[in-house]
Amino acid sequence: MIKITPSEIKTISQYIYDISGIFLDHNKTYLFETRLSSVAEQSGCKSYQELYNKAKGDRSKEIERKIIDAISTNETLFFRDKGPFELLQHKLLPEIIDARTPKSGSLKTNIKIWSAAASTGQELYSIAIIIKELIPNLSRYSIQLLGTDISDNAISQASYGKYNKFEIERGLPQAQLRKYFTALGDFWKIKDEIRSMVTFRKMNLMMPFTGLGKFDIIFCRNVAIYFTVPDRKKLFAKIADTLNDDGFLVIGSTESLTGICPRFVPKRHLRSIFYQKK
Amino acid sequence: MNTLSILVVDDDPVIRKLLEQRLKKAGYSVDVAEDGYKAEKLLQKRRYDVILTDLMMPGGIGGIEVLEIAKEIDQNVEVILITAHSSVDTAVAAMKKGAIDYLEKPINFDELFLRIEKIVNVKSIMRNALDIHEAMGTTEQAASRTIQDLEVIAAKLQQRLDLVENELRDSTKDPESRIAASLDILAGF
């Protein structure tokens, strides 16, 4: 493993912040080394300064993409932390369905849900499975499920929907596993009926949100923790702009919006908390 | 130290006895079975960390079948196959089915002990990882409860403060009654 020097940490962490908004603690030397050493080696670099120079000069942005892939943390569990999904199933979805179902029976019910840090897709597929099980007559609905992530690697893995045994067997009950996935050797692949419900695309949450429209439910879990407080404030202000007035926001169970975004109020449902606009 | 429990399955009484003696001497807890049927019975009764089974045995249950039965009863059991040189391909096929390793006859005991030590190491690392994962989950749950409680309390306090602010700024009332009303709001918390 290539060792990193203090001055390289300064350069590299500033660069990572500029391209991704992710703020890495300067004391976590091992984090830089374990995540970036192989990127440096693959790019033919002997030091992190060299990697930085090469990345800056790389017009194709290939190295930048590799660095983002290496540095962003990918969640690997389905239904990670049951709370948010029970909340979705028993409270958020029923309320949104009630609010969005048109009086005239011939019109479709439009619902838009966004998984803002989709990683390799587990959260959005878990949401899709819940919707599939909750709504028997899906043809009367127009449901848009969008997953975004900063990592190209994560997005292509999410789009493909293939997971290894370890990624899938924790959290996902056997019955659901067999119902919604097809076995492929040591891997499981999401079935087309669920895959076709979702869309993934690359997006950097630090950049302006363009062309997204407005959502009824936004999941933004365990990503803002990697941002600085000023950046968190900007992020949740943009999320507030992107959420319908009666929509719901779900953040990570150990995250807080106190002092971050006064436009949201927390509300409790059973063991979980969700946020609505004031 | 070696609390590992091992089941030896071999139809050859000499090899069976030899394995049992050497493994016991090394401090492992050892049971033996002379064929697949006996092995299945023992597997139903108690759990083992490692199964050391001959690949070719007379009767309907060979090493591959022992592997399958054992894995079905307990996913975490590790199976090492003992094979004649000529059946290495079958042993490799068995590894695809979940065997952790294979040994060629004649058995080299140094090699066998090395393999077993490796399994012990991997198992303890896996157990550690699971323990850490468990502990992390518990910590996260406790933290999230605290954070969520505080989040709700902070929101309620903010709401009160907003009311107090409105009250104090209400120029239609005289200052004293504004203060009195504000104190009432604060007392109600």
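**Figure 1. Tyr163(A) meets its partner in β5(A).** In this predicted model, Tyr163(A) has Trp188(A) as its bridge partner in β5(A). The two strands involved, β3(A) and β5(A), run antiparallel and are joined by three bridges.

Figure 2. How many bridges hold strand β4 and strand β5 of chain A together? There are four, linking residues 181–184 to residues 187–190 in the antiparallel sense. Leu184(A) stands opposite Phe187(A) in β5(A). Two residues sit between the strands of this hairpin, and Gly185(A) takes a positive phi near 60 degrees.

**Figure 3. Inside the largest nonpolar core.** This core has 74 residues, and the ones touching the most other members are Ala128(A), Ile218(A), Cys220(A) and Leu249(A). Helix α6 (residues 122–134) of chain A gives the most to the core, with six residues. Zoom in on Cys220(A) and, leaving out residues up to four places away in sequence, you'll see it touch Ala116(A), Ala117(A), Ile239(A), Leu249(A) and Ile251(A). Apart from this core lies another, of 30 residues, with Val9(B), Val50(B), Leu67(B) and Val79(B) among them.

**Figure 4. Ile71(A) in helix α4 of chain A.** Is Ile71(A) buried or exposed? Ile71(A) has 22 C-beta neighbours inside 10 Å, so it counts as buried. You'll find Ile71(A) in helix α4, which covers residues 62–71 of chain A. Setting aside residues up to four places away in sequence, Ile71(A) touches Ile16(A), Ser20(A), Ile22(A) and Arg35(A). Met207(A) is 136 residues apart from Ile71(A) in sequence, and their C-alpha atoms are 18 Å apart in space.

**Figure 5. Thr109(A) in strand β1 of chain A.** Thr109(A) belongs to strand β1, residues 109–115 of chain A. With 16 other C-beta atoms within 10 Å, Thr109(A) is partly exposed. Which residues does Thr109(A) touch, not counting those up to four places away in sequence? They are Ile97(A), Arg100(A), Thr101(A), Pro102(A), Arg140(A) and Tyr141(A). Ser47(A) is 62 residues apart from Thr109(A) along the chain, and 55 Å separate their C-alpha atoms.

**Figure 6. The five-stranded sheet of chain B.** Now over to the other chain, where five strands form an open sheet in the order β2-β1-β3-β4-β5, with parallel pairing. Its edge strands are β2 (29–33) and β5 (101–104), each pairing on one side only. From one strand to the next, the twist averages 20 degrees. A closer look at β3 (residues 50–54) and β4 (residues 78–83) of chain B shows them pairing in the parallel sense over five bridges. Within that pair, Asp54(B) has Ile82(B) of β4(B) as its bridge partner.

**Figure 7. Helices lying across the chain B sheet.** Helix α4 (residues 88–96) of chain B lies across β4 and β5 of chain B and runs at about 170 degrees to β4(B). Helix α5 (residues 109–169) of chain B lies across β3, β4 and β5 of chain B, at about 175 degrees to β5(B).

**Figure 8. Chain B, end to end.** Chain B has six helices and five strands. Along the sequence they follow the pattern β-α-β-α-β-α-β-α-β-α-α. Its radius of gyration is 33 Å, well over the 16 Å that the globule rule gives for 189 residues, so chain B is more spread out than a compact globule. Taken along the principal axes, the C-alpha atoms of chain B fill a box of roughly 105 × 30 × 30 Å. Buried residues account for 22% of the chain's 189 residues.

**Figure 9. Where the two chains touch.** Eight residues of chain A are in contact with nine residues of chain B. What classes of residue does chain B bring to this contact? On the chain B side there are five nonpolar, two polar and two charged residues.

Technical notes:
Residues numbered from 1 in each chain as written. Chains lettered and ligands numbered in written order. Predicted model: local features only at pLDDT ≥ 70, side-chain atom pairs only at ≥ 80, totals over all residues. Core = buried A, V, L, I, M, F, W, Y, C linked by C-beta atoms within 7 Å. Buried ≥ 20, exposed ≤ 12 C-beta atoms within 10 Å, placed from the backbone. Contact = placed C-beta atoms within 7 Å. Pairing = 2+ DSSP bridges. Axes fitted to C-alpha atoms, helices over the stretch in contact; angles between N-to-C directions. Nonpolar A, V, L, I, M, F, W, Y, C, P; charged D, E, K, R; others polar. Rg over C-alpha atoms; globule rule 2.2 N^0.38 Å.
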